[in-house]
Amino acid sequence: MSPAMRPLYREGYRTVRDIVGPLLFVEGVRNAGYGETVTVESPQGIATGQILLVEEGYCAIQVFEGTMGLDAPRSTVYLERDIVRVPVGKMLMGRILDGRFRPLDGKPAPLGGELMSIQGEPLNPTRRIGPDKFVETGISTIDLMNTLVRGQKLPIFSGAGLPAARIAAQIATQARVPGSEQSFLVIFAAMGVTQQEARYFMDVFSEAGVLAHGVFFLNLASDSPVERLLTPRMALAVAEYFAFTLEYDVLVVLTDMLQYCEALREISAAREEMPGRRGFPGYMYSDLSTLYERAGSVKGKSGSITQIPIITMPDDDMTHPVVDLSGYITEGQIVLSRDMNERGLFPPVSVLPSLSRLMNKGIGRGKTFPEHRALADQLYASSAKGKELERLKLIVGEEGLSPVEQNYLSFAKRFEERFVHQGQEDRPLDSSMRIGMECLSLLPRDELYRLPEEYLQRMTEGKVT
């Protein structure tokens, strides 16, 4: 906006004291508010930003476009007296946007609709309702053994180089709420991805025909770290509109939250804040909670927001601060295995350390099938024993194992090859159940002690479907 067009009430400040990384530090600012948007004018052009810190007339401003080329003495900062808002509406379906809400699909910028704050509205705890519906992802190790429930937040912990991107794309294209008449929408937000990864996601979504039924945000590794912090908030603002205004069931996939936290650390260092564990800011837990806690369902609204954050574990370390804190806030985890990936299994989900804390709320009679919990427990128990015997076999040899123990070794092998390994197949729950029972059929009936007798009888008669 040119100076001649600028409204008279906007205050301009030419008191930029310093520029550090993506931050401007301005003195003498009156009546500024945290989160307020600003416009920065300089000889190089116009940039926009947001106030991060207000302290006795001193402001730290994060510049969305980055500060490269800005000249502190010749820059003017104007307060906009508003917060960051995005236009929301059905016109967003099928759109591909960046971390600044700018189109990446060659179409015009989204216009019209209602303006919503990217910070969202806090969900009143007294109006939250518990998750109670099964969300089918088409992946056996999740649907049968670590069931995702509508309104849950269930992260995937992945090591560097593991196919988390493929799994994220597969879930985004296959997820659904079986038997529900509710409209279902996927919102996919990728942070810090390379151009190659971005092209991969778009190719997969295009081939699967889901572009028209979702909203997609892509923040590239070359983009400003400030945009990386905006991307999940914009995605969740759109999700809240579709879930609580239009009453859709919305699945939000966020990848990779490690990149988000790295951007948080970079900006914290520029602000010269006291670092916490491994240099991450001490407030990272509360910052992550402002994202994860936007999942859920509300009384009087039939829509919901379900989240699947993807988190890379540096050095496969589950005690890493980002992984550790995410585990505290969310409701379980799906853990990927490097060993399984090296053996060609996909998806390489390690069943034993994986967990869905809300699984029982979305399974059972009237939701999935009555013996769902018992079958999952039996597969867990048998898999754990099979893993233990694989280690014992290295010590005593296969000849030192009893016939029953050798049956467990056969089960463990078939379980990985038939149940865990499914490639890109979109496998419905009844197929997962059937394959799980085929694997258990290698064990003596006496070993299937977690399954009800009636269910075992029907299995023997071939009546389990």
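Colleague: In which strand does Y13 lie?
Modeller: Y13 lies in strand β1, residues 12–13, where strands (E, at least two residues) and helices (H or I, at least four) are DSSP runs numbered from the N terminus. This is a predicted model, in which local features need pLDDT of at least 70 and side-chain atom pairs count only at pLDDT 80 or more, while totals for chains, interfaces and linings use all residues. Residues are numbered from 1 along each chain as its sequence is written, and side-chain values use heavy atoms, with hydrogens and water left out.

Colleague: Why is Y13 called buried?
Modeller: Its relative accessible area is 6%, and buried means under 20%, exposed over 50% and partly exposed in between, with a 1.4 Å probe and protein chains only, so Y13 counts as buried.

Colleague: What does Y13 touch?
Modeller: Leaving aside residues up to four places away in sequence, Y13 touches V26, G28, V29, R30, S75, T76, V77 and L79, contact meaning heavy atoms within 4.5 Å.

Colleague: Why are α9 and α11 called oblique to each other?
Modeller: Helix α9 (residues 372–396) and helix α11 (residues 429–440) pack at an angle of about 45 degrees. Angles under 35 degrees count as roughly parallel, over 145 as roughly antiparallel, 65 to 115 as roughly perpendicular and the rest as oblique; the two helices are therefore oblique.

Colleague: Which residues of α9 and α11 meet?
Modeller: In α9 they are H372, L375, Q378, L379 and S382, which meet L429, M433, G436, M437 and L440 in α11.

Terms used: Axes fitted to C-alpha atoms, helices over the stretch in contact; angles between N-to-C directions.
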